[in-house]
Amino acid sequence: MQVCEVDKDLLKFQNLEELILSVNRITTLESANLPRKLKVLELCTNEISSLKDLSHSPPPGLQHLGLSHNKLYLDLEYKYLSGDVCPSTTSTGTPLDGWISMLYKTPKIKRSCRRWSNLVSLDLSFNDFVNLRDIVAHLTLLPKLKNLILQGNPLAFLPNYRGYLIDTLKNLSALDDVLISSDERHMFNLMSKYDELNANLARVTVSVGNVTGIPNSVDPLEELPEFPIVKRSYFVTYEFLEDLQDFSTLNKEVTNKNKMGNQNKNSSTAMPSKTRTILPQEIPFMTPDMVNNTPRKQEMLVTHKIPLKPWADPVVYNYTKEFSVIDLYALKKLLQNGLTINVIEEKILSWPVESPEISMEASIKEKRKDRDSAKGGKASAKDQKNKDRAKDKKGKDSTEDKKKLPTVFRSEAPVERILGTFHVDLNSILTGNHVFQMVCDLGIPENEPKPKSPTLDVKESKRRKSAKKKDDRSSKAEKGSEMKPKSKLKDKQDSRKNKNNDPEVLEEDVPRHLFVEFKLQFQRWSSTGEAWEEININDSTVIFVKL
């Protein structure tokens with residue numbers, strides 16, 4: 001109904017218990033304008049970016065609050081979801097990271113939460129909340145919360161997402177509209193207690209399987225010219241976030257700062273300390289504080305290229321690449337916009353080039369001719385004797401050496417041609433699916449344009465060769481071999497007729513669609529034990545002690 005504001009006139013409905021204002025243009029809502037007996041409030045699909053006004057004095061008996069598909073993203077909004085006690089540090093100076101453990105030891109703090117004391121169901125899906133630990137630290141202050149929906153937020157991409165929530169919120173009975181069983185709660189026991197399992201880091205695996213339908217540009221029944229030599233290769237490209245290659249150096253800077261700070265405390269003249277470079281497989285052992293508080297460059301959307309392969313049907317790539325993503329908000333935007341997949345043909349033309357030895361001999365001959373012409377067109381006796389001696393020495397060997405000289409080729413710059421493009425819609429991952437797999441139909445590839453004409457030098461060399469071949473054929477024809485070329489022409493005509501009449505060849509000439517097997521998978525942990533295995537802890541005794 002295009003509602004933009006809720007005024008005090010709504011207070012006339014004193015006995016109103018359920019209010020649905022979804023799919024409107026509400027940017028803020030003052031809780032003082034809501035009826036006091038309200039139990040259900042739906043504000044889905046609006047433009048709410050802050051909960052400050054709504055959480056000031058909400059209806060005391062409110063049991064369900066729906067805020068899905070809004071614009072909630074700031075970390076400061078977490079404190080409005082909890083009660084009156086939401087400090088950055090406790091009275092004893094304990095930081096917010098230790099707030100969860102304090103709640104279990106001090107139940108009096110938990111009882112002082114009065115703001116949403118009767119809230120049973122909370123829907124925050126499809127917003128832009130990023131930090132899982134912070135939002136859970138405030139949700140633990142809701143004593144009656146049973147149903148929680150957080151899917152569609154960037155924090156839902158984390159591998160420990162479901163396990164961390166289940167292990168922390170002990171009273172929760174359903175998460176993302178899926179009931180929590182006692183077995184599942186047992187499988188995720190103690191997951192929230194170890195920083196090694198709770199880094200704010202998403203892991204995504206992109207896979208490309210077979211590519212079928214690439215047209216074969218070489219016709220076996222067609223006579224191809226000797227030159228140019230054509231080399232064709234094919235590859236696939238897709239757009240994704242920049243790979244996290246500087247994560248080890250990022251960790252190195254953090255450890256260096258910490259060590260320098262400790263040395264400054266102990267001595268006035270601090271010496272530079274050696275730091276150990278963290279390997280890529282040790283990325284999960286980064287603590288959440290190091291990941292969140294360290295300045296880093298913003299991840300960019302780049303085009304990733306799969307290695308080149310020659311033509312085949314199908315072209316088997318079996319390509320797999322794992323991405324470690326810190327910027328969860330950028331990852332969500334990428335999934336909303338989708339991926340673009342391209343199949344590209346790379347063609348390189350190579351032409352023969354005269355060898356340097358032959359060119360040197362030609363230049364020497366030209367110099368000699370110029371010298372002889374300068375003398376009047378008559379060579380001296382000494383020059384003539386030198387020529388005769390060189391001929392006697394070389395003889396047949398010189399002609400054989402010229403034949404043995406390898407042909408030098410000049411390759412042109414590679415020319416790329418897009419055979420097909422497909423846009424992959426990945427919105428299904430936002431709804432909770434952690435695996436997306438499909439065969440992409442890129443349509444029918446366009447026909448290859450005709451090749452460009454060769455250079456003048458190559459044209460002249462071709463003409464000379466063709467003229468020599470014609471002279472040889474004419475001489476053979478005079479000797480009585482006139483029937484052979486006619487038979488060749490007949491064979492060519494018969495082959496063309498058979499090609500047009502053969503049903504198998506006709507089927508191959510039908511244009512085919514271009515298909516690419518694509519898969520995108522998010523890492524998900526189904527138990528605490530599986531989480532330890534995924535982060536490469538191979539010592540079974542460590543796992544046993546931890547669990």
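User: Why are α3 and α4 called roughly parallel to each other?

Analyst: In this predicted model, helix α3 (residues 132-139) and helix α4 (residues 161-168) pack at an angle of about 25°. Angles under 35 degrees count as roughly parallel. The two helices are therefore roughly parallel to each other. Their axes are 11 Å apart.

User: What is the handedness of the crossing of α3 and α4?

Analyst: Right-handed: α3 passes α4 in that sense.

User: Which residues make the contact between α3 and α4?

Analyst: From α3 come L132, R133 and V136. They meet Y161, Y164, L165 and T168 in α4. By class, this contact has five nonpolar residues, one polar and one charged.

User: Why does N70 count as buried?

Analyst: The relative accessibility of N70 is 7%. Buried means under 20%, so N70 counts as buried. N70 lies in the loop between β3 (64-66) and α1 (99-105).

User: What makes the approach of the N70 side chain to L67 a polar contact?

Analyst: A polar atom of the N70 side chain lies 3.1 Å from the backbone oxygen of L67. The cut-off for a pair of N or O atoms is 3.5 Å. The N70 side chain also reaches the backbone oxygen of S68, at 3.2 Å. That value, too, is within 3.5 Å.

User: Which residues is N70 in contact with, leaving aside its neighbours within four places in sequence?

Analyst: They are L43, C44, T45, N46, E47, I48, F126 and N127.

User: Which residues of helix α8 are buried?

Analyst: In α8 (residues 328-337), the buried residues are L328, A330, L331, K332, L334 and L335. Just after α8, G338 takes a positive phi of about 85°.

User: How many helices and strands does the chain have, and what share of the residues counts as buried?

Analyst: The chain has 17 helices and 16 strands. Of its 547 residues, 37% count as buried.

User: What percentage of the contacts with a separation of 6 or more comes from residues 24 or more positions apart?

Analyst: Such residues account for 76% of those contacts in the chain.

How values were computed
Residues numbered from 1 in each chain as written. Predicted model: local features only at pLDDT ≥ 70, side-chain atom pairs only at ≥ 80, totals over all residues. Heavy atoms only, no water. Axes fitted to C-alpha atoms, helices over the stretch in contact; angles between N-to-C directions. Helix = DSSP H or I, 4+ residues; strand = E, 2+ residues; numbered from the N terminus. Parallel < 35°, antiparallel > 145°, perpendicular 65-115°, else oblique. Left-handed = near helix turned anticlockwise from the far one by under 90°. Contact = heavy atoms within 4.5 Å. Nonpolar A, V, L, I, M, F, W, Y, C, P; charged D, E, K, R; others polar. Buried < 20%, exposed > 50% of the residue type's maximum accessible area, 1.4 Å probe, protein only. Polar contact = N/O pair within 3.5 Å; in protein donor to acceptor, adjacent residues only side chain to side chain.
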